[in-house]
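This report describes selected features of one structure. The sequence and coordinates come first, and the text follows.

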2 protein chains.
Amino acid sequence: MKRIFTNETPSHKGEKVKIAGWIDGRRDHGKITFIDLRDKEGVAQCVSTPQQAETYKTAQALRSEWVVEIEGTVQERPQAMKNPAIATGEIEIAAEKIVIFSQAKTLPFTIDTNGYDLNEEKRLQYRYLDLRRKRLKENLTKRHTVFGFVREFLSNEGFIEIETPLLTKSTPEGARDFVVPSRLYAGKFYALPQSPQQYKQLLQVAGFERYFQFARCLRDEDPRADRQPEFTQLDLEMSFVEREDVMELNEQLLIALVKKLYPKKEIQEIPFPQLLYKDVIQKYGTDRPDLRKDKNNPDLLAFCWVIDFPFFEKDKETNGWTFTHNPFSAPKPEYMNDLMAKRNIAEILTSQYDVVLNGMEIGGGSIRNHQPEALEQVFEIMGYEKERIQANFGHMLEAFSYGAPPHGGIAWGFDRLMSLLQSEQSIREVIAFPKTGDSRDLLMQSPSEISEQQLKELHLKIETKSQKKS
Amino acid sequence: MKRIFTNETPSHKGEKVKIAGWIDGRRDHGKITFIDLRDKEGVAQCVSTPQQAETYKTAQALRSEWVVEIEGTVQERPQAMKNPAIATGEIEIAAEKIVIFSQAKTLPFTIDTNGYDLNEEKRLQYRYLDLRRKRLKENLTKRHTVFGFVREFLSNEGFIEIETPLLTKSTPEGARDFVVPSRLYAGKFYALPQSPQQYKQLLQVAGFERYFQFARCLRDEDPRADRQPEFTQLDLEMSFVEREDVMELNEQLLIALVKKLYPKKEIQEIPFPQLLYKDVIQKYGTDRPDLRKDKNNPDLLAFCWVIDFPFFEKDKETNGWTFTHNPFSAPKPEYMNDLMAKRNIAEILTSQYDVVLNGMEIGGGSIRNHQPEALEQVFEIMGYEKERIQANFGHMLEAFSYGAPPHGGIAWGFDRLMSLLQSEQSIREVIAFPKTGDSRDLLMQSPSEISEQQLKELHLKIETKSQKKS
């Protein structure tokens with residue numbers, strides 16, 4: 001007999017079925033034993049009585065979280081025992097055969113609560129048990145559904161998903177890179193991507209015109225409670241567009257996503273308000289304003305765009321110019337002459353657009369600087385010497401010299417967006433196997449030491465005398 | 001005016017349109033200039049005459065691969081000039097305005113051929129130009145379509161896609177790990193995943209029952225022409241299944257995929273033949289037999305399964321036992337007693353199944369050993385001491401002690417499958433930014449040196465005295 005899921009049992013009334021899953025609970029009521037069997041789709045109640053002597057004996061031996069398969073006949077529950085609150089509440093399965101696949105030790109914590117009050121390190125250590133929690137199952141299942149929705153929306157708009165490399169090159173901009181020592185090339189390293197920025201721009205030079213990717217990004221940042229060394233971004237890039245085109249497409253996608261998959265949520269204002277950086281800083285003291293008019297409404301989503309950021313700001317350490325968002329951005333068209341003449345630098349505005357939801361930045365992007373001469377100006381304003389520009393960005397400048405389309409794009413912080421949509425405080429609640437805020441994997445016990453042999457093959461020696469930790 | 005794609009122009013006959021893209025070619029015929037404009041959807045012919053003096057002047061200045069936007073009116077071509085071979089062959093666009101976005105240097109190679117005869121290192125160095133080639137665009141576009149098809153098929157079967165970590169733990173089994181030094185924890189390392197094997201099994205312990213992922217995998221292997229240090233696998237895992245269930249699902253998926261997306265291809269035999277390891281070795285001298293009856297038919301797909309592999313084989317170096325495929329596999333049920341008693345080890349068969357296409361292994365998997373005692377036996381047969389088992393696999397053994405379902409899965413070598421479906425010899429032809437066979441990224445020039453400062457932060461010193469290369 002083919003196993004069916006618990007939620008399929010009500011449509012098999014009077015028939016024999018086979019179900020399988022975990023013991024969610026067992027209750028003995030005199031000469032009758034009730035077993036709640038949980039599988040990925042829900043819970044079904046099974047009953048066992050001494051008439052089936054051997055099965056009854058097995059049923060009585062069952063403990064929570066044991067894994068079993070049960071064969072039996074689906075029957076209507078006595079009227080008084082019906083439970084309209086659950087999908088299988090009208091029926092029960094009269095157990096005829098029980099096979100035990102696995103026994104289970106007592107779990108280190110309960111899984112029938114939302115788990116917020118538990119020690120989080122323990123939850124992460126036993127993540128495979130923590131994930132049995134209904135809330136986390138729903139978070140990850142919804143994450144999958146959102147993946148699907150976004151992919152379908154973008155595919156229908158002519159985008160194609162393209163994977164970009166994980167082993168790439170270290171560049172000295174942005175956050176710190178994680179690096180990967182090469183065994184074949186002594187003393188050399190790959191870098192893990194902080195984002196697919198350069199690749200997605202090169203795909204525009206290649207003529208793909210509409211690229212997206214749910215991209216895995218890695219940044220070696222200092223410990224912070226709600227930060228992860230690896231995260232997922234929805235990364236997209238388009239050719240022959242202006243700022244408003246990218247904003248419009250993303251706004252339509254976000255609205256469609258909320259309306260379809262979160263019908264109970266309410267978007268405060270459509271179209272999303274577009275706020276100027278200088279105004280939000282003045283009015284809210286932050287460039288991530290929380291515009292919700294009713295902070296007590298957990299279903300209220302206040303999206304807005306923030307635009308017209310300064311392109312450059314003074315680096316506090318060097319007192320030279322540095323970029324505020326992304327060196328590959330184009331200035332707003334009316335500032336291109338200033339950029340080319342390197343004048344009024346503090347006044348130059350970038351084409352950057354950030355999308356903010358309930359006070360959190362959930363995405364940001366810009367129109368890019370597709371003219372190699374203009375991109376070079378950016379690096380020169382930041383004080384990079386010709387050699388450094390050539391060494392780090394020579395391949396981009398060269399690429400743009402073979403016919404580059406105007407292009408722009410965006411990246412969404414997908415974990416953050418999911419946490420807001422799922423009404424979670426922490427991004428760890430929407431990631432299957434998160435690390436701690438200080439980048440430890442408590443389940444696998446990573447990072448960990450590697451063997452002398454591995455070190456030798458990688459041409460490395462550890463310098464332990466400095467700040468050895470943990 | 002909103003820009004449209006070239007393939008949309010025929011439905012705008014008599015109307016004014018705006019298109020944008022790359023100059024695919026320019027021909028001057030006396031007082032008329034023809035411009036082929038290429039965008040992601042195809043090519044459209046534009047015409048310019050001296051009647052529009054300024055536009056004509058611009059048109060004559062255009063060179064191959066310049067990026068432009070053209071406004072003009074769609075008109076029917078003179079009868080003799082119609083080209084039924086292309087989608088826009090009935091019409092042409094009378095150019096009224098031409099905007100030049102970018103000029104282009106002469107490309108280092110031609111892009112209007114299939115490119116097989118070009119120097120591949122050059123192709124990889126200028127990958128963003130190589131990708132302008134129609135063949136490569138089609139390969140990546142089809143790859144996207146296959147992603148979508150597989151995702152929809154599996155989602156309809158109740159699978160959800162779950163991302164697993166990239167920064168994980170080094171284990172001494174299988175191929176070599178790439179490792180990532182930790183800055184926060186001196187002397188410690190993460191490992192990049194060779195596959196999500198342990199995570200996908202832990203997701204079964206968590207009760208997800210049906211998991212899949214297009215997973216990025218990384219292995220530090222020795223140079224070989226058609227191997228990549230990073231690759232993509234379709235990774236899936238199911239609970240409460242037997243070997244035949246996983247094989248059946250995957251066979252149905254492969255058949256549906258070919259029928260829907262490759263209707264010209266012919267599957268030689270359905271259901272796929274199931275061959276025993278001992279028979280294929282005897283008959284073909286390989287466990288990846290090429291069963292094609294007509295090797296000259298490029299559209300013939302001869303799938304088969306190979307099953308009943310030995311679980312263990314003698315390690316040539318140590319003369320101890322080692323696993324042939326995957327230490328987490330279960331033996332076939334009838335050999336479980338032998339495994340538990342550690343007897344007749346050479347005769348124990350594993351539940352492993354490989355799927356082979358035209359002589360290439362495109363996937364493999366097994367039913368897993370979900371009983372911790374049985375899994376321990378495997379490691380003991382291989383001579384691992386208790387401490388080593390505990391250190392490397394303790395978390396898996398513990399996980400299985402909290403109620404583990406019987407489960408099994410498979411991983412497809414997705415790059416290889418795509419290369420076969422696209423009739424390509426090399427997996428590099430179906431990867432956007434591949435590395436060389438010896439793991440160099442010629443576009444980004446990676447791996448490369450990192451700064452003294454980075455090394456210091458990572459608590460590392462390079463030992464250069466050994467075989468310094470490149």
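**Confidence and overall build**

The model is predicted. For the complex, the predictor gives an ipTM of 0.96 and a pTM of 0.96. The average pLDDT of chain A is 96, and 98% of its residues score at least 70. Where pLDDT is low, predicted coordinates should not be read in detail.

Chain A contains 12 helices and 20 strands. Along the principal axes, its C-alpha atoms fill a box of roughly 90 × 60 × 40 Å. Chain A has 470 residues, of which 60% count as buried. Among the contacts in chain A with a separation of 6 or more, 65% are between residues 24 or more positions apart.

**Helices H9 and H10 of chain B**

Helix H9 of chain B covers residues 372–381, and helix H10 of chain B covers residues 386–399. The two pack at an angle of about 145°, with their axes 11 Å apart. The crossing of H9(B) and H10(B) is right-handed. On the side of H9(B), the contact is made by Pro372(B), Leu375(B), Glu376(B), Phe379(B) and Glu380(B). H10(B) contributes Lys386(B), Ile389(B), Phe393(B) and Leu397(B). Sorted by class, the contact between H9(B) and H10(B) has 6 nonpolar residues, 3 charged residues and no polar ones.

How many of the residues of H9(B) are buried? The count is 7 of 10, and H9(B) is mostly covered. These buried residues are Pro372(B), Ala374(B), Leu375(B), Gln377(B), Val378(B), Phe379(B) and Ile381(B). They pack against several elements of chain B: strand S15 (312–314), strand S16 (321–323), helix H8 (336–341) and H10. After H9(B) comes Gly383(B), which has a positive phi near 85°.

Helix H4 of chain B spans residues 134–156 and includes Glu138(B). Val150(B) is also found in helix H4 of chain B. Is each of these residues buried or exposed, or partly exposed? Glu138(B) counts as partly exposed because its relative accessibility is 43%. Val150(B), with a relative accessible area of 0%, is buried.

Sequence separation and C-alpha distance can be set side by side for each residue. Glu138(B) is 61 residues from Tyr199(B) in sequence, and their C-alpha atoms are 34 Å apart. Val150(B) is 84 residues from Leu234(B) in sequence, with 9.0 Å between the C-alpha atoms. Leaving out residues up to four places away in sequence, Val150(B) touches Phe214(B), Leu234(B) and Leu253(B).

**Ser419 of chain B**

Ser419(B) is part of helix H11 of chain B, which runs over residues 414–421. Its relative accessibility is 0%, so Ser419(B) counts as buried. Which backbone oxygen does the side chain of Ser419(B) reach? It is that of Arg416(B), at 2.8 Å. Beyond residues up to four places away in sequence, Ser419(B) touches Glu424(B), Ser426(B), Ile427(B) and Val430(B).

**Backbone geometry**

Most residues other than glycine have a negative phi, and most peptide bonds are trans.

Pro447(B) is in the loop between H11 and helix H12 (452–457) of chain B. In chain A, Ser423(A) is found in the loop between helix H11 (414–421) and helix H12 (452–457). Ser439(A) is placed in the loop between H11 and H12 of chain A.

For the two serines of chain A, accessibility was also computed. Ser423(A) is partly exposed, with a relative accessible area of 43%. Ser439(A) has a relative accessible area of 7% and is therefore buried, the cut-off for buried being under 20%.

Methods: Residues are numbered from 1 along each chain as its sequence is written. Chains are lettered from A and ligands numbered from 1 in the order in which they are written. This is a predicted model: local features need pLDDT of at least 70, side-chain atom pairs count only at pLDDT 80 or more; totals for chains, interfaces and linings use all residues. Side-chain values use heavy atoms; hydrogens and water are left out. Helices (H or I, at least four residues) and strands (E, at least two) are DSSP runs, numbered from the N terminus. Buried means under 20% relative accessible area, exposed over 50%, partly exposed in between (1.4 Å probe, protein chains only). A polar contact is a pair of N or O atoms within 3.5 Å; within protein, one must be able to donate a hydrogen and the other to accept it, and residues adjacent in sequence count only if both atoms are side-chain atoms. Contact means heavy atoms within 4.5 Å. pLDDT is the predictor's confidence in each residue, from 0 to 100. Axes are lines fitted to C-alpha atoms, for helices over the stretch in contact, and angles run from 0 to 180 degrees between N-to-C directions. A crossing is left-handed if the near helix is turned anticlockwise from the far one by less than a right angle, and right-handed if clockwise. Ala, Val, Leu, Ile, Met, Phe, Trp, Tyr, Cys and Pro count as nonpolar, Asp, Glu, Lys and Arg as charged, and the others, Gly among them, as polar.
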